[in-house]
Amino acid sequence: MAKKISPLLVDLAALPPGFHRRRFARDGVGFEAFIWRGGPGPVLLVNGATHGDEYEGPTLLQQWVQRWKPRTLRGTVVLVPVLNEVAFFAGARCRPDDGANLARSFPGNRRGTPTSRLARLFNDELLAQATHYADFHSAGVANRLQPWVGYVVGIDQAMERTQHAMAACFDRFWCWSGPFLPGRTLSAAAERRIPAIYTECRGEGDVEPADLAALDLGLRRMLITLGLVPGAKPKLRPQVTRITRNTKETHLQIHHQAEFDGLFIPQIKLGARVRRGAPLGQLVSLTGHPSIIRAEHAGRIVVLRVQRSVRKGDALAVLSPV
Ligand SMILES: [Zn+2]
């Protein structure tokens, strides 16, 4: 007997041309989506707040919801300003009830934790209908970073070329791309061979106007580059680019991890170049035990912890060879 396929909650291809708001909800989880439908063509899906304490994506996408009125649109644009609503209202990276990281929960499971169910909902209902995808992240409240754009390499060359063209639209950011890491929105996209990029903005719980402008420009250019809206091919600045085949390099949470709970006192600035072994800061336990955090290798500090209270295992800094 043929396997029963459940119908889509919202079949994008069946929507009439125009602007639509839809709530996607199932299995006790959900999110709001804003859809501009312009007939046959590419389907670009963009979301913010995969992590709840990242505000650049939600801010930019809500501005688009308020203001964007395309005169011509070939294809469909779907914006989800806040994907992880419970984490967003908790002001936290992950939702507090299950503590699971949505960016490690893809493709998700309908009978799993709420976070896993949310991943499944987004994966089945929107990613499955997209031809192109972008996930707008940031350093969150606890960290600050040097904004970049990236994508998954080593899966499919044609997909990679498209991703490169999408990433190049965000030319005020540098580009840092690496191999497939499981559980991400981008890994779910890669499994479907959907060209996808992610951006990382400064974070620190704020929204830097320069980052917002860079995201805005990048999104406008991406729409032109993918043929969704007409326009002259954008003139792009060359990007500092680092493409690695090392799965550890772009896995941000495994570098310079705190060995114990304590107070972190950084001794370097974001953007600084350091040698291997250089002191990055000091970690002091509440019982007064100090430890020096030393650079794992030479490079530039591209992520730095700003929240000084840290738990064992928290990443305190990330270096890139660029
Ligand atoms: Zn994030």
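## Basis of the model

Residue numbers start from 1 along each chain, in the order in which its sequence is written. The model is predicted, with local features requiring pLDDT of at least 70 and side-chain atom pairs counting only at pLDDT 80 or more, while totals for chains, interfaces and linings use all residues.

## Overall fold

The protein chain contains six helices and 18 strands (DSSP runs numbered from the N terminus: helices are H or I with at least four residues, strands are E with at least two). Its C-alpha atoms occupy a box of roughly 65 × 45 × 40 Å along the principal axes.

The radius of gyration is 20 Å, which agrees with the value near 20 Å for a compact globule of 322 residues (taken over C-alpha atoms; the globule rule is 2.2 Å times the number of residues to the power 0.38).

## Burial and cores

Of the 322 residues, 42% are buried (20 or more other C-beta atoms within 10 Å of the residue's own; exposed means 12 or fewer, partly exposed in between, with C-beta atoms placed from the backbone).

The largest nonpolar core has 66 residues, among which Leu-45, Val-78, Leu-127 and Ala-196 touch the most other members (a core is a set of buried Ala, Val, Leu, Ile, Met, Phe, Trp, Tyr and Cys residues joined through C-beta atoms within 7 Å). A second, separate core of 14 residues includes Leu-145, Leu-280, Ile-301 and Leu-319.

## Gly-18

Gly-18 belongs to strand β1, residues 18-26. Gly-18 counts as exposed because it has 10 C-beta neighbours inside 10 Å.
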